[in-house]
Amino acid sequence: MRFAVYCRFVPPSVTPRRKRDTPRDQNAASAVRRPSRRWLLVAALFLFSVVLVRTAWVTDDTYITYRVVDNCLHGYGLTWNTDERVQAYTHPLWLFLNLVFQSVTREAYLTGIVLSIAVSLSALVLLAFRVARTTNAALLGLLILLLSRAFVDYATSGLENPLTHLLLALFILTWFRTPRDVRRFFHLCAVAGLGILTRADFALLVGPALVVAAKGLPKRAALKTAVVAFLPVIAWETFSLVYYGSLVPNTAYAKLNTGIQRSELVTQGVHYLIESLRRDPLTLVVIAFGIAVPFLVRRERLVPLVFGIAAYLAYTVWIGGDFMSGRFLTPPLFAAVAVLSQFRFQSRRVLWPAAAAAVLTGLAPGRPTVTSGRSHGLEKRAMVRGIADEREFYFQHTGLFRADGKRGVDHPKATEGRGARGVGRSVQLGGMVGFLGYYSGPDAHILDGYALADPLLARLPERGIKWMIGHFAREIPAGYMLTLVRGENLIEDERIAEFYDAVRVVTRGPIFDGRRARVVWKMNTGGYDHLLQPFFQARRLQEDAVRELAAGRTDACIAAAERAVALDPRRAAAWSLISRASLQAGDLARASDCALKAAAIIPTIHATDALAVGDACEQQGDVAAAIAVYERLLEIDPKQAVAAERVSRLRGSPADR
């Protein structure tokens with residue numbers, strides 16, 4: 001009870017309303033900020049700006065957006081590869097903001113960093129001077145965000161997080177500071193619409209508040225207001241359907257249409273939170289407090305925001321989180337800080353312990369972002385279940401103030417791209433395609449193995465036995481590379497070839513052609529799904545085979561994997577599973593045959609299966625069989641040095657080979 005009194009957590013229904021607590025002024029005038037203390041907020045914001053400049057960096061994914069911006073500025077439209085219309089970005093509003101500024105500067109690196117810092121500071125200014133109810137609450141909120149590794153890391157990464165935070169600040173400010181009427185509902189919907197154009201999942205954060213805001217309003221007036229306020233979203237979706245042929249970005253198919261079982265993704269999502277708690281405990285602790293405190297003190301007006309935070313966290317777990325540690329946690333963190341800033345923290349008995357707890361929690365894991373310098377990232381920590389400290393990984397390549405003193409992007413993929421620029425039309429296969437694509441220039445067609453920018457691969461299931469979150473690799477259909485080079489459909493699988501014919505009409509055909517309109521309709525209503533369903537069935541059978549092999553049931557594993565390859569003969573992982581199970585069962589002939597089939601499809605990954613079979617043959621004394629396996633592997637991939645060394649050793653000398 002004393003804690004509630006000190007922090008002014010008592011519900012409004014219990015506390016007598018004073019004159020300054022009128023509906024119009026209760027959150028603005030009651031902030032009880034003495035003008036003489038505002039210099040503390042200015043000083044805190046200045047410190048924050050210094051930290052953001054010192055820690056500024058950009059990530060490879062940012063340059064996916066920058067390539068689209070660059071293509072647009074050079075007259076190729078909003079395209080990733082200039083020969084096809086594919087939405088390779090998830091944040092149209094952030095893209096357009098970058099487009100405006102880069103159209104003036106004609107430069108991406110510094111423009112993006114300055115824009116990110118400016119937008120981040122704008123969000124912090126709104127939080128400190130308008131959203132927080134008191135100076136103490138504002139200072140505590142700024143301290144938390146400054147010590148949050150996730151918030152500082154993604155305040156300057158070039159991703160859309162800063163704009164998400166700014167729009168969240170505007171939404172929460174509108175939620176608390178305006179009368180509850182139709183006009184307020186319009187403003188809330190308008191800001192929510194801009195947030196959805198920044199990230200579609202922004203709707204989860206603000207959805208519960210919008211529902212509550214609509215209650216009590218005439219239904220017709222609320223509906224009309226919402227439609228008018230969401231006109232930018234409606235306009236964008238209309239443009240997206242006409243221009244790209246889809247209501248959702250290609251990245252949604254690439255990351256959400258993988259064929260991986262939901263239970264596995266949810267497990268990965270839980271690990272995403274656990275990993276964040278290990279590296280950056282302050283972020284999740286504050287989010288937890290932001291969710292719990294309004295319920296404990298019965299502040300009903302905060303509850304819709306709390307439900308939004310909880311819904312966003314649940315969605316993050318549902319989709320498996322992300323490979324960038326903390327990236328998806330900064331919006332709920334900012335919202336939680338805004339919620340907690342509604343309490344006044346007037347007593348030092350609460351303020352100082354809260355600040356001390358924030359400092360201790362923020363600094364506990366060591367190597368905090370706020371104190372990192374030029375040497376950050378020279379020593380990299382290992383990834384945990386595919387989750388990486390992204391700033392640590394890239395800082396020495398893209399940091400504004402890094403150890404080598406350089407400016408700009410100095411990454412091997414950027415160097416590779418610069419080397420390929422100006423060589424004419426070419427098709428390049430890449431994984432990390434941001435730097436590669438941007439610096440290769442508009443003539444290069446970049447085939448993204450993770451499917452973020454490829455309209456065909458994004459519709460196919462993930463390929464591997466083991467997968468990494470956010471990097472769902474697809475098998476390249478036989479003949480697809482040649483198709484891209486020659487411009488005619490040479491894909492060997494008839495089902496994929498037929499689907500690609502439709503994709504090509506949508507992404508390459510005349511925008512207002514009648515045939516294209518029919519194909520777009522059919523594509524978006526599932527008219528072509530039957531062509532790809534067998535590949536997703538094969539993915540599920542592959543997962544069954546993995547479980548059977550883990551349980552030691554080799555016959556069941558082989559049976560499931562054989563059904564998978566019957567549906568999708570180029571599913572290398574399924575051939576690999578048959579080989580492994582056969583090896584355990586002692587059937588070396590089948591193990592060898594299937595291992596080599598897997599290696600023929602993806603030698604860089606499945607050559608190890610063939611090497612394992614060769615080792616087994618050696619152990620059983622069948623040297624001739626081992627040599628046959630190694631030599632066949634060398635025919636598939638002459639670069640297999642291990643296989644060459646073993647052939648040489650088994651034959652006695654290189655001359656005898």
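A cavity is a set of points, on a 1 Å grid over the protein atoms alone, where a 1.4 Å probe fits but cannot get out. Its volume is the space filled by probe spheres set on the points, which are joined across faces, edges and corners. By this rule, there are 5 cavities of 30 Å³ or more.

The model is predicted: local features need pLDDT of at least 70, side-chain atom pairs count only at pLDDT 80 or more, and totals for chains, interfaces and linings use all residues. Residues are numbered from 1 along each chain as its sequence is written, and side-chain values use heavy atoms, without hydrogens and water.

**Stop 1: the largest cavity**

Select Y244, S246, N250, R459 and T507. Of 17 lining residues (an atom within 4 Å of a point), these are the closest to the centre of the largest cavity. Its volume is about 140 Å³. Now show α23 (494–508); it gives the largest share of the lining, 3 residues.

**Stop 2: the second largest cavity**

Which residues line the second largest cavity? Among them are R149, D153, D280 and E390. The space is about 60 Å³. Colour α7, which supplies the largest share of this lining, 3 residues.

**Stop 3: a helix pair**

Methods. On a 1 Å grid over the protein atoms alone, a cavity is a set of points where a 1.4 Å probe fits but cannot get out, and a pocket is an open set with protein on both sides within 12 Å along at least five of seven lines; lining residues have an atom within 4 Å of a point. Helices (H or I, at least four residues) and strands (E, at least two) are DSSP runs, numbered from the N terminus.
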